[in-house]
Amino acid sequence: MLEYAWLIPVFPFVAFLLIALLPKRTLWWESGAVYAIAGTLCSLVLSMLVVWSVLNGETLTTDTPKFKWLEVGDFSLEFGVWIDQLTALMLVVVSIVGTLVVVYSGGYMREEGEGRRRYYAEITLFISVMFGLVISDNYLQMFIFWELVGLCSYLLIGFWYEKPSAASAAKRAFIVTRVGDIMFMAGIIILFKYVGSLDFETLFSESAAVAVPTDMMILATALIFGGAIGKSAQFPLHEWLPDAMEGPTTVSALIHAATMVKAGVYLVARSYPLLIHAPESLLFVAVIGGVTAILAATVALAANDIKRVLAYSTISQLGYMILGLGAGGYLVIYANSPGGYAAATFHLMNHAFFKALLFLCAGSVIHAIGTNDMRLMGGLGKKMKITSLTMLIGALAISGIPPFSGFWSKDEVLAAVWHAGEFDSVFFLLWLMGIVTAFMTAFYMFRMWFMTFAGEPRSEYHAHESPRIMTVPLMILAGLAMTSGFVLFIGDGFKGFMESSIEGLLHGAEHESLVDIAAEIFTDPLTYVSLTLAVVGIMLARKIYLTPGFDRSMFSRGFNGKLQRALENRWYISKFYDDFAVKVVYGLSLIADKFDRYVIDGLVNGFAFLGGNTGNFIRRLQDGNVQRYASLILVGICLLLILVLYILPWGG
Amino acid sequence: MEILNTLEPFLPQLLLILFATLMPGLDYLFKDKRIVAFASLIPLIAIMGAVVTWLFTDSWTPPGSSIALVEINLFSGLFMLVFLAVGIIVVLTSMDFVRTDKNQGEYYALILLAIAGMTLVASAADLFVIFVGLEIAGISSFALSGFRKHEKRSAEAATKYFIIGGFSSALTLFAISLFYGIAGTTNISAMGAAMDASFTSFEGSESFALLATVLVLAGFGFKVALVPFHMWAPDVYEGAPTPISGLLAAASKKMGFAAFFKVFLIGLIVTKSDWDIAIAILAIITMTVGNLIAVSQTNIKRMLAYSSVAQAGYILIALPVGTQYAVAGALFHILTHAFMKSGAFMVVAGMASCAIGEKLDDFKGLGKRSPFLAISMTLFLFSLAGIPPLAGFASKFVLFSSAVYGSSDPGPSWLIWLAVAAVLNSALSLYYYARVIKYMYMEKGSEAKVKVPRSTTAAIAISLAMTIVLGVYFDAVMDLCLRAAEAFSNLPIGF
């Protein structure tokens, strides 16, 4: 089955071509949605078959099939397919969420008219290149698709390009992630310099690790992680993601919550065989993850835009995964355990389902009442039963309430971080940040839910439940959010499954039985600490936002007020970037512009002026022109002769 | 029977000329001129079929030549492929473009004759065969440029083209006579061998050789439109019927390069160190001037003409680098340029068939009016600018990297500047290519739909398919080009 895996990205790409090129009348229903759904469905089926093969122990990591594109001397650029457990995990996420989002779009984008064609073309292209990214078998191919998902993200954020805020958000996302991309590229150039190949198969071998000096390995891995900082919106490059909410909500769900932003996490997980040779980089990864998790969670506390709450919560959860991967690397090196790695990737999958669900629910609400502002909502639960119920499931999952999926994976991540604390006490601090984040997550998610669905309406609106085409994907995702945590206990267990993808790095780790895993979770006092905090968070949100007449003005007075304003202004980070961009970069670009305008343009215009005017001048002299051409040829010959006969021999 | 054996290598030309003589008769007999056009496709497709079987399968190879005038090898095969493919594309587009014109029989006959001349140059092994081929193709193209003789700018273009063409032929002929005087032969490989000996035998012959080199450079430089021998090109491309502009840019120019490679890299290889810097300078001037002037053009045909001038500058890189790899790169670029440039001209021709002009402003809103034309044009222009994964990127990549590889030992290190200049020029060219795309998609223009004739659509579709296929199957195409470049067995491999 695995040899057909290269077809997975092909189906959505064909759909993209059909939607983009077919005449309008053959696009049928919803301007091409049929092709988009068909393309993603085919990929979904094929992905599932591939995943089934992987579950049966097949992988494709040696002698990967390749399509050689160009070869120059000793360098070649090849496109290959690499399938292991990590790839399978990403295939599950991208294919399921991708298909559901495309189906949901059939209802959500109904009023877009002409723009729908562009939308379906771009979203199928995105799904195609995202598949291309996860099945890449070398860093260069991965980088190419990495850039392409960035391009699709740019196009889709700017979908309503006539809106200035959308256009500038698109630009911002593109430019900020570009900073990370350049680091990523620099990282792989370093690797190429020392190893002479970018194939995973070669790079991940022991001999390659020896070929790279230790300090260069640290630099290269840190730079590659830089790519993840950009793409997965980690501090300090996280500010583009909330702005990216300017795109349609479906795009936020698919690209900016479930798939593309996971590419950074995937990159770190993929690079484990390199990272374990650079513990310094792992620590850096963990610290960035921990800081991002808590920082983003605080901003989410005060956000009033429903999509912004979800955006900051996405950043915070991505921070969790990155933190888990950093700690997991320590566990691989020092404890010979895949715990952290498995926990972070587990959280990646669970988060994809419940966050896509939350976004699509938010989309359903926005679709119904036409605003993003939670202060204008309230009481929607009665009118939108399915949406409110499914969103409640999503909120419980992300808050870490058992038996919903988030509980299992979040708990595993925190346990891994605590465990890593045995080897570097910084991890205890990071664990503390993680647990505080868990509390805040429960609080702001339920703040959002109560403000939206509970209480009385705070403005005039005519809400209605969304059509079936939107609610069915919600229900499927809600089902997944409830159950995806249990894969921890199915078959070999999730841990055992993921463990096999980094087997080479572990030296015969003992296989934990599923009973042990369950026992570990429920006997660990830390589990109850985080659970209690989550419940307290929910109760607190209920107290503040659901008690009639609760005086919330105390939050806007004195120190609290300052804090609240700081949070509302996203800790002024965004403002700092804007000021920096305006004062420093703009200043520099003004200088560059002057140079460009007077020196380069002067040259270009001068030449063009000369050329254009000579042409016009000559054309006016009807008789003269051919003679002029001929005499120019003669002048040319004379100059060439002088050059060849006198100047060059004299010089050489 | 002896005569038949002698004629065998000329079969393609004979077939083309035979059909060319039939065309006026067919024109007289049939009222539906499409029959004439289809008849002219017969020899093109037939020879194309033979060449393709030869190049891509092992089932058939052409007969060897019993005389020293021509040599048919993979190098000439690849050039023939280009000429025939461009011929087919041009005929398909013309079917609609000249549908209301008189004398269509002659029009198609001249196209066939021009291609006969070009294929002759492709297989030539003798200076005089090159000259005859150049003249057959040249005289046919003069007439074709002035095909609409009542149209002022068409007639003007033909006159200019003819006068400058005659001048350049004289220069070429003068150079050939000098070469004969020095080497005592007009056979190109014999000339290469005799050159060295004659320098030692009589004094001053080296200077004569250089004089002849410069003259032949000017003569061929006219064909490929090198600066400063390019002045005719924009006027003629603008004035000629658009399919013919495509023929000139995509095929006639490539014929000049076939001649260039044979004469310079086989016949004049011993004096390479005398002319390589001069040609390198000429290459840089040509690409830079071509691109800079293209920036200010508002007529698309003129813009494409100047872009062709610049592309000639890129291809010329292969001469001073002088490795098999560089020749393969040049062949690759000739192949890809033939499709992307003729494709772009055919888009302009397709618009003209629908009574739309050829000014930049006429492209406003084309994305809405004809998505097919707009997306094709976009891809052609992106390919010309060298955006991956399109064909233009692949061939430029090989061509430019050949200069980088050539600059390391044993080649001279200044070759690297050719690559630098070429890359900077490519960046500059993106400006005027992207501007057309901006006009097509961002600017609002007329709303009326454009209906493109079916034959033109076919021609554009062929070019488009090739522009993508040649880029995607980079490796296979490059393999073929490298094998073709083995014709220059005297050159180093180059990487």
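This is a predicted model: local features need pLDDT of at least 70, side-chain atom pairs count only at pLDDT 80 or more; totals for chains, interfaces and linings use all residues.
Good morning. Two residues are said to be in contact here when heavy atoms lie within 4.5 Å of each other.

I begin with helices H18 and H19 of chain A. H19(A) spans residues 426-453, and its axis comes within 7 Å of the axis of H18(A), with a crossing angle of roughly 160°. Angles over 145 degrees count as roughly antiparallel, and H18(A) is therefore roughly antiparallel to H19(A). The crossing of the two helices is left-handed.

Which residues in H18(A) and H19(A) meet? From H18(A) come Lys410(A), Leu414(A), Val417(A), Trp418(A) and Ala420(A).

What lines the largest cavity? The lining consists of Ser399(A), Gly400(A), Phe407(A), Lys410(A), Asp411(A), Leu414(A), Ala438(A), Ser530(A), Leu531(A) and Ala534(A). Helix H18, residues 405-420, and helix H23, residues 525-546, both of chain A, each supply at least two residues of that lining. H18(A) gives the most, with four residues. By class, the lining has five nonpolar, three polar and two charged residues.

I turn next to another pair of helices in chain A. The axes of H3(A), residues 85-108, and H12(A), residues 262-270, come within 11 Å and cross at roughly 170°. These helices are therefore roughly antiparallel to each other as well. Leu86(A), Thr87(A) and Met90(A) of H3(A) make the contact with Lys262(A), Tyr266(A), Ala269(A) and Arg270(A) of H12(A). The residues of this contact divide into four nonpolar, one polar and two charged.

Finally, one residue of chain B. Leu110(B) lies in helix H5, residues 104-123 of chain B. Where neighbours within four places in sequence are left aside, Leu110(B) is in contact with Ser140(B), Ala143(B) and Leu144(B). Ala355(B) is 245 residues away from Leu110(B) along the chain, and the C-alpha atoms of the two are separated by 25 Å.

Thank you for your attention.

Notes: Residues are numbered from 1 along each chain as its sequence is written. Chains are lettered from A and ligands numbered from 1 in the order in which they are written. Side-chain values use heavy atoms; hydrogens and water are left out. Axes are lines fitted to C-alpha atoms, for helices over the stretch in contact, and angles run from 0 to 180 degrees between N-to-C directions. Angles under 35 degrees count as roughly parallel, over 145 as roughly antiparallel, 65 to 115 as roughly perpendicular and the rest as oblique. Ala, Val, Leu, Ile, Met, Phe, Trp, Tyr, Cys and Pro count as nonpolar, Asp, Glu, Lys and Arg as charged, and the others, Gly among them, as polar. On a 1 Å grid over the protein atoms alone, a cavity is a set of points where a 1.4 Å probe fits but cannot get out, and a pocket is an open set with protein on both sides within 12 Å along at least five of seven lines; lining residues have an atom within 4 Å of a point. A crossing is left-handed if the near helix is turned anticlockwise from the far one by less than a right angle, and right-handed if clockwise.
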